[in-house]
Amino acid sequence: MRIGIDLGGTKIELIALAKGGDTLRRERVATPTNDYEATIRAMHDLVVRAEEALGERGSVGVAIPGTISARTGLVKNANSTRLIGHPLDKDLAAALGRPVRVANDANCFALSEATDGAARNAKIVFGIIAGTGVGGGVVVDGRVLVGANAIAGEWGHNPLPSPSHAEVPGPDCYCGKCGCIESWLSGPALARQYKDATGRDLIATDIAAAAANGDAAARMIMEQFYDRFARAIASVVNVIDPDAIVMGGGLSKIDTLYRELPERIMRYAFTPEAPARVLRNVHGDSSGVRGAAWLWREDELAHPA
Ligand SMILES: [Zn+2]
């Protein structure tokens with residue numbers, strides 16, 4: 001069996017998957033606060049409990065909100081500071097006495113949807129997580145594209161393509177640049193755009209609902225949002241030409257995205273022959289933990305290295 005662990009800021013979730021992907025077990029515990037050793041111990045204990053209950057040993061993959069640097073072997077870019085600077089894969093491997101694979105949670109999302117989700121059977125998959133931030137991951141032939149700096153797919157901090165005069169220089173981003181895709185397309189960014197236009201506070205999904213119900217300001221904001229989203233995706237399409245684009249995160253609940261984005265992306269991309277395939281995720285919040293389990297492929301399970 002495969003064991004996946006999703007290490008989040010508030011909870012750690014384990015899933016055990018049978019060979020074909022059926023769920024054998026799930027367990028969640030609270031993430032120990034500001035204690036790295038306790039976090040390793042909590043993941044270790046989850047695995048031990050699952051294997052005792054199921055009477056079987058599993059491969060172990062972990063999704064983290066960050067990446068492991070290929071240069072240093074240490075966690076970087078994590079929004080949870082207690083993980084930064086630790087060799088998390090090696091420490092958990094030592095605790096469990098077996099190799100452990102660790103990947104960014106957006107990459108795990110893309111892998112889950114590419115393996116047995118919305119984009120199963122697609123060769124090149126771009127997974128987008130859009131919610132409080134905007135991230136992404138790329139899967140090719142069932143493997144995560146990690147990259148030399150382990151940032152492949154992190155399109156959220158590219159500048160918004162083809163900006164109008166009014167879109168320059170764009171909002172400040174926490175990364176230190178301005179006009180980042182994330183600073184235009186995240187849920188909080190959409191809420192801010194609506195508030196600037198109307199003075200009213202609405203969250204992103206409610207703005208989309210208001211637009212559907214005929215609120216003129218919400219419609220204008222959503223039109224701009226679709227157009228910016230399409231420009232941002234088209235620049236990725238021109239680089240990796242994905243067979244499928246899968247949406248995850250809180251904004252993936254906005255139904256109109258799946259209708260509005262494909263034609264608009266086609267308009268901005270180079271020589272498209274058909275509208276882009278923009279798909280809603282199948283596994284929802286479980287994609288991170290399922291993707292972590294899928295970090296071990298079938299042909300690697302017999303001789304894990
Ligand atoms: Zn940025």
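**Entry 1: the nonpolar core**

I began with the largest nonpolar core, which has 40 residues, and noted that Trp155 and Phe229 have the most contacts inside it. The model I am reading is a predicted one. I then listed the elements that give two or more residues to this core: strands S8 (124-130), S9 (134-140) and S11 (244-248), together with helices H4, H5 (187-198), H6 (204-212), H7 (216-240) and H8 (257-268). Helix H7 supplies the largest share of this core, twelve residues.

I next looked up Phe229 itself. Leaving aside residues up to four places away in sequence, Phe229 touches Ile128, Ala130, Trp155, Leu185, Met247, Leu257 and Leu261. Apart from this core I found another, of 27 residues, including Leu7, Met43, Val62 and Leu88. I recorded one general remark: in soluble globular proteins, nonpolar side chains tend to be buried together.

**Entry 2: the zinc ion**

Which residues coordinate the zinc ion? I found His157 through ND1, and Cys173, Cys175 and Cys180 through SG, at 2.1 to 2.3 Å. The arrangement is tetrahedral because the four donor atoms subtend angles of 105 to 116°. Along the sequence, I read the spacing of the donor residues as H-x15-C-x1-C-x4-C. His157 and Cys173 both lie in the loop between strand S10 (143-144) and helix H4 (181-185), so this pair ties together parts that are 16 residues apart in sequence.

I also checked accessibility. His157 is partly exposed, with a relative accessible area of 22%, whereas Cys173 is buried, at 11%.

**Entry 3: salt bridges**

I noted a count of 21 salt bridges. In one of them, the side chains of Glu298 and Arg2 meet at 3.2 Å, N to O. Glu298 belongs to helix H10 (residues 298-301) and Arg2 to strand S1 (residues 2-7), so the pair ties together parts that are 296 residues apart in sequence. Arg2 is buried, at 3% relative accessibility, while Glu298 is partly exposed, at 40%.

Glu298 also forms a salt bridge with Lys19, with the closest N and O atoms 4.0 Å apart. Lys19 lies in the loop between strand S2 (11-17) and strand S3 (23-30), so its pairing with Glu298 of helix H10 ties together parts that are 279 residues apart in sequence. Lys19 is exposed, with a relative accessible area of 63%.

Are Glu51 and Arg98 buried or exposed? I found both of them buried. Their side chains meet in a salt bridge at 2.6 Å, N to O. Finally, I recorded a network of salt bridges that links Lys11, Glu13, Arg26 and Arg28.

Technical notes:
Residues are numbered from 1 along each chain as its sequence is written. This is a predicted model: local features need pLDDT of at least 70, side-chain atom pairs count only at pLDDT 80 or more; totals for chains, interfaces and linings use all residues. Side-chain values use heavy atoms; hydrogens and water are left out. Donors are N, O and S atoms within 2.8 Å of the metal (3.2 Å for Na, K and Ca); water is not among the atoms, so sites may look incomplete. Four donors count as tetrahedral if all angles lie between 85 and 135 degrees; four count as square planar and six as octahedral if opposite donors are over 155 degrees apart and all others between 65 and 115; anything else is irregular. Helices (H or I, at least four residues) and strands (E, at least two) are DSSP runs, numbered from the N terminus. Buried means under 20% relative accessible area, exposed over 50%, partly exposed in between (1.4 Å probe, protein chains only). A nonpolar core is a set of buried Ala, Val, Leu, Ile, Met, Phe, Trp, Tyr and Cys residues joined through side-chain atoms within 4.5 Å. Contact means heavy atoms within 4.5 Å.
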